Every structure is written in structure tokens, then in C-alpha cells.
Amino acid sequence: MSNPITTRNPYFSTQQVRPNQFDQTAYGDQYAYGTPNAQQAAYGQAQGEVAGNGAFATERMTYNDALNKVAVLLGIAVISGVATAVLLPPAMWMSVAVVSVIGAFVVGLILAFQKMVKPGLAIAYAVLEGVALGALTAAFEIFVPGIAIQTILATAIIVGVTLALHYSGAVRTTPKGRKIVITVALGYLIFSLVNLVLMWTGVLDQAWGVRGYEVAGIPLGVILGAGMILIAAYMLIGDFEDINTAIVNGAPREFSWTVGIAIVMTILWIYIEVLRLIAILSDR
């Protein structure tokens, strides 16, 4: 598992395969693609057969269930962000952003330690992240006109290309790669928190803190931002692979909130990295 939201969940513990192409050897001949049992293996027994845990097949999660939750949560985040930027006065943007970031961080920690994400917490996280990113984007827009649309388009392109690579099978994650990605992501989180503290306490007076230092003439923030976008894209591929793993393992429909919020977290992470990267480059 590459996303902290799915690492504690047994439904994501098997080897991942692409949702549009099943491995004929990973699950035995009875699950081979093209056999009569292929769809039953991926999406649960049809026509009301009882699953091992006593739940009916109609209660099992499907790929559409997961994508619907992604759309709902992403839509909530977007609406929250737009409402924040439009309805709140500019003087409140930064204070609201700080409070929302702290709230989203706390909710995110709670989500990471839950085996099954509750809808209320998933929605709360989407709202808080949307408010925070909406306020930050609006604030950056004052200093860098056009940064909002640039960030939205760049994020959409990155996510689109990532999904194209995933569905084409050109890029697949590995257990070792996932471990490296989660380790790097956690290290980056610690770095970001330390950098924020150094900036708030006045130890570093640069606008971007440690990110403002240059390496071979390139701001460290640009190098880190580009690297983290690649890390997040790899994690996004893993998130979509996890959907199929959960389906194959017969995860109940309620688990669609778990995979949904995991994917939304990764997409919003890509957004904030793109926003910061453009801002740093524009600041030069």
C-alpha cells in the first residue's frame, strides 16, 4: 500500500493488479481473465449469493462505487474552495487557511488510523482541505495573477497523464516502490513541518524558508516540488490499483469511502505542490 489511508486495511493486502486487466496467475485459473468466473472474482458473486462474511454480493464495493465517492469528495473540496475565495474577505484568507490546514491535518491523522473510513470524516476532510486550498489560492492570485487557472490546468494534466499511464499498463507499482514512496512522503511531511516552524519563529526570514535556498542556481523548492509531484503521481497509481485489490478481496460497499478519500488526498497533494511550484518560479 502506498497511501497511509489504506495501509492498515486488510482488504488492500494482496498483490495489486490493474482494474482493466486481471493477472491470470496471481489468483488461479478460476480467476483468469476471459473465464466465466472472472467477473465474479473481481466484483463479487452475482445474483444475491452470500459472501463469506454473510453479506450479499450486492453490498460489495464496485469500481463505480469508488469512483463515485472520488467525484463526490473532490466536488465538495472544489465547492468549499470556491466558496471560501468568493465569500470571505481577503483579510481572512490566511487565518482561515491556517485553521483549516491544522484541522485537515488532525482529521487526516484520524483517518490514517481507521481501518474503515467513516463518511462524515471523509467529507469533513474534503471541506477543510477545500477551504484551505481555496484561501491559499485566492491569496496567491493577488500576487501572481492567473496562478489559480494555471494550477488547476496543470493538476488536471498531471492526473490525466498519470491515469493514462496506469490504465495502459505502462507504469505499475511494486511493493518495494511503494515502501520507498511512503517513506519519502513521511520524510517530506516532517521537513515541511520543520520548515514551517523555522519560518514562523523567524529563524529563517526567506519567503519560502529552506525552500528558498538555491542548488546550482535552482531554488530547492522547485527541485523538491517537482520530485514530490512525481512521488504523488506514483502514489495515485497505487491508489487506483488498490481499488481493484479491494474488489478482488470482496470489500463491502462502505469501503468505497476509504479508497475515495485516499485518491482525493493524493490529488489535492498534487494541487498544492503545483501551486507552490508555480508561486516559487513566479517569485523569481
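The axes of α2 (residues 63-87) and α7 (residues 220-248) come within 10 Å and cross at roughly 140°. Axes here are lines fitted to C-alpha atoms, for helices over the stretch in contact, and angles run from 0 to 180 degrees between N-to-C directions. Helices (H or I, at least four residues) and strands (E, at least two) are DSSP runs, numbered from the N terminus. The crossing of α2 over α7 is right-handed; a crossing is right-handed if the near helix is turned clockwise from the far one by less than a right angle, and left-handed if anticlockwise. On the α2 side, Tyr-63, Ala-66 and Leu-67 make the contact, and on the α7 side Phe-240, Ile-243 and Ile-247 do, contact meaning heavy atoms within 4.5 Å. Sorted by class, this contact has 6 nonpolar residues, with no polar and no charged ones (Ala, Val, Leu, Ile, Met, Phe, Trp, Tyr, Cys and Pro count as nonpolar, Asp, Glu, Lys and Arg as charged, and the others, Gly among them, as polar).

Next comes the pairing of α7 with α8. Helix α8 covers residues 256-283, and it packs on α7 at an angle of about 165°, the axes lying 9 Å apart. The two helices are therefore roughly antiparallel, and their crossing is left-handed. By class, 20 nonpolar, 3 polar and 2 charged residues take part in the contact of α7 with α8. Met-235 also belongs to α7. With a relative accessible area of 4%, Met-235 is buried (buried means under 20% relative accessible area, exposed over 50%, partly exposed in between, with a 1.4 Å probe and protein chains only). Met-235 and Thr-173 are 62 residues apart along the chain, yet 8.4 Å separates their C-alpha atoms.

As for the overall layout, the protein has 8 helices and 2 strands, and from the N terminus on the elements run α-α-α-α-α-α-β-β-α-α. Of its 284 residues, 46% count as buried. Among contacts between residues at least 6 apart in sequence, 77% join residues at least 24 apart.

Back in α2, Thr-84 is another buried residue, at 6% relative accessibility. Leaving out residues up to four places away in sequence, Thr-84 touches Trp-93, Val-131 and Ala-135. Trp-93 turns up again as a partner of Ala-139, together with Met-94, when neighbours within four places in sequence are set aside. Ala-139 sits in helix α4 (residues 119-143) and counts as buried, its relative accessibility being 11%. Ala-139 and Pro-90 are 49 residues apart in sequence, with 7.2 Å between their C-alpha atoms.

The stretch around the two strands holds a pair of loop residues worth a look. Arg-211 is placed in the loop between α6 (175-200) and β1, and Arg-211 is buried, with a relative accessible area of 5%. Beyond its neighbours within four places in sequence, Arg-211 is in contact with Tyr-188, Phe-191, Ser-192, Asn-195, Pro-219, Leu-220, Gly-221 and Arg-276. From Arg-211 to Ile-280 the chain runs 69 residues, and the C-alpha to C-alpha distance is 8.9 Å. Ala-216 is in the loop between β1 (214-215) and β2 (218-219) and, at 79% relative accessibility, counts as exposed. Most residues other than glycine have a negative phi. For Ala-216, though, phi is near 55°, a positive value.

Finally, a word on confidence. The mean pLDDT of the protein is 83, and 79% of its residues reach 70 or more; pLDDT is the predictor's confidence in each residue, from 0 to 100. Over residues 15-58 the pLDDT is below 50, and this stretch has 67 contacts in the model beyond near neighbours in sequence. Residues are numbered from 1 along each chain as its sequence is written, and side-chain values use heavy atoms, with hydrogens and water left out. Because the model is predicted, local features need pLDDT of at least 70 and side-chain atom pairs count only at pLDDT 80 or more, while totals for chains, interfaces and linings use all residues.

Notes:
Parallel < 35°, antiparallel > 145°, perpendicular 65-115°, else oblique.
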